Amino acid sequence: MANLKDIRDRIKSVRSIQKVTKAMKMVAAAKMRKAQERMEQARPYTNRLVNVIHHLLPDVNRALLPLLDIRRIQRVGYVVVTSDRGLAGSFNTNVVKKAELEINEIGKENVDLFCIGKKAKDYFTRRNYNIIQSHIEFWNDLEFQHAIKMGEKIINHFVSKKVDEIHVCYNEFVNVATQTIQSEQLLPLEYNQEESSSVSNRLYEPSKEKLTKSLIPRHLNVQMWKYLLESYASEQAARMIAMENATDNAEDMVKNLTLEFNKARQASITKEMLEIVGGAEALK
Amino acid sequence: MGHFTLDIVTPTQNLDVIEVNYVRCPGIDGSFGIMANHQDGVFSLDIGEIMIQSESDTKFYSISGGFAEINENEVCLLVETIEVSSDIDISRAESALQRANERKTKRNEEDLDEVRMESSLSRALNRLRVANR
């Protein structure tokens, strides 16, 4: 039977860890709510922009725009969105694994990587992947400007024909309990050719081509922003769940340890009593 | 004067839909006005100032480019940033202007992206101009 003092110390340490996990859970929950709000705020903008683009694109010649250019695929760019910090369950592992799987299918040497978040950077640096750029330590003050900056670099990489396609791997926020890994094609832009543009009597200023030219980079910025927001919300949700589980586990451990402690205490009392009785018996 | 609904949407905030009489926008080819029953269309907007007139007041906003979509007497402004003139932090705008100017003078050393530099310069100038309304 373990020493009474040892058990007491262990209970104490488990309790203090529990306090930490509980606090982390609360912080994650608050951050997640904020992230969700931001996602909702961004949605109308995205939807409207997509709408306008869908009206425009069918009339625009694909060859005119480098961002719509479909080329034979030789090199592929991958954008992997992770967090800077761990302790969020399988949040980072899953997305990194998924990206790695897809990259290995194409061949490691044909892929240029853009890492967003420290975890992706660490993982792929250690394995000698071809990293073009990484963005780390910005999640705490996430702003639209970040999305623009990242988007710019990625788009330039595509336009200068260093890669022929760009994919993005990120966690999509479904709800608090579920985040799904998504792998989407960012460039060249895909759209539904058949969608009719029935609205004919409309003014376009400047020309449709020029409009599209300035619309699409904006659209990509918004897409990047969406990826960042989704990933951020997912990270917080994943962390919240992970910390909740940790808190529950700690509770169980405290329960078991307390039981063990009581047993040990009872045993030592019994032992003492036996000794006293034995001693008294001997004196008779 | 006839009025129409104006919806301003940005990636980070949604302003309330308001009833207005007149909107003046900075188009790519010069500024243009929208009044009630304007023809439908899509218009590209430059960095500049938006003036919004409603029954009760006139307000000025600074924007950093975007789009205006007109659809059956409903106007939607899709802009990346928008600030009402009274909210602009003048000291921040001034320091941004200073930064942009500094970058311009020493651009040869680092070979910075010219387009980006010019646009940050014009953004800073525009915000100052609107702030002084």
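Start by selecting B:N37, which sits in the loop between β4 (30-35) and β5 of chain B. Strands here are DSSP runs (E, at least two residues), numbered from the N terminus. This is a predicted model, where local features need pLDDT of at least 70, side-chain atom pairs count only at pLDDT 80 or more, and totals for chains, interfaces and linings use all residues. Residues are numbered from 1 along each chain as its sequence is written, while chains are lettered from A and ligands numbered from 1 in the order in which they are written.

Stay on B:N37 for a moment. Its phi is positive, near 60°, though it isn't a glycine. Most residues other than glycine have a negative phi. B:N37 counts as exposed because it has 10 C-beta neighbours inside 10 Å (C-beta atoms are placed from the backbone; 12 or fewer others within 10 Å is exposed, 20 or more is buried, and in between is partly exposed).

Next, hop to B:N73, in the loop between β6 and β7 of chain B. Here too is a non-glycine with a positive phi, about 65°. B:N73 is partly exposed, as 13 other C-beta atoms lie within 10 Å.

Now show both chains. The contact takes 19 residues from chain A and 19 residues from chain B, counting residues whose C-beta atoms, placed from the backbone, lie within 7 Å. On the chain B side, β5(B) gives the largest share, four residues.

Finally, select β6 of chain A (residues 203-205). That strand pairs with β5(B) in the parallel sense over three bridges; pairing takes at least two DSSP bridges. Zoom in on A:E205, whose bridge partner in β5(B) is B:F43.

Methods:
Two residues are in contact if their C-beta atoms, placed from the backbone, lie within 7 Å.
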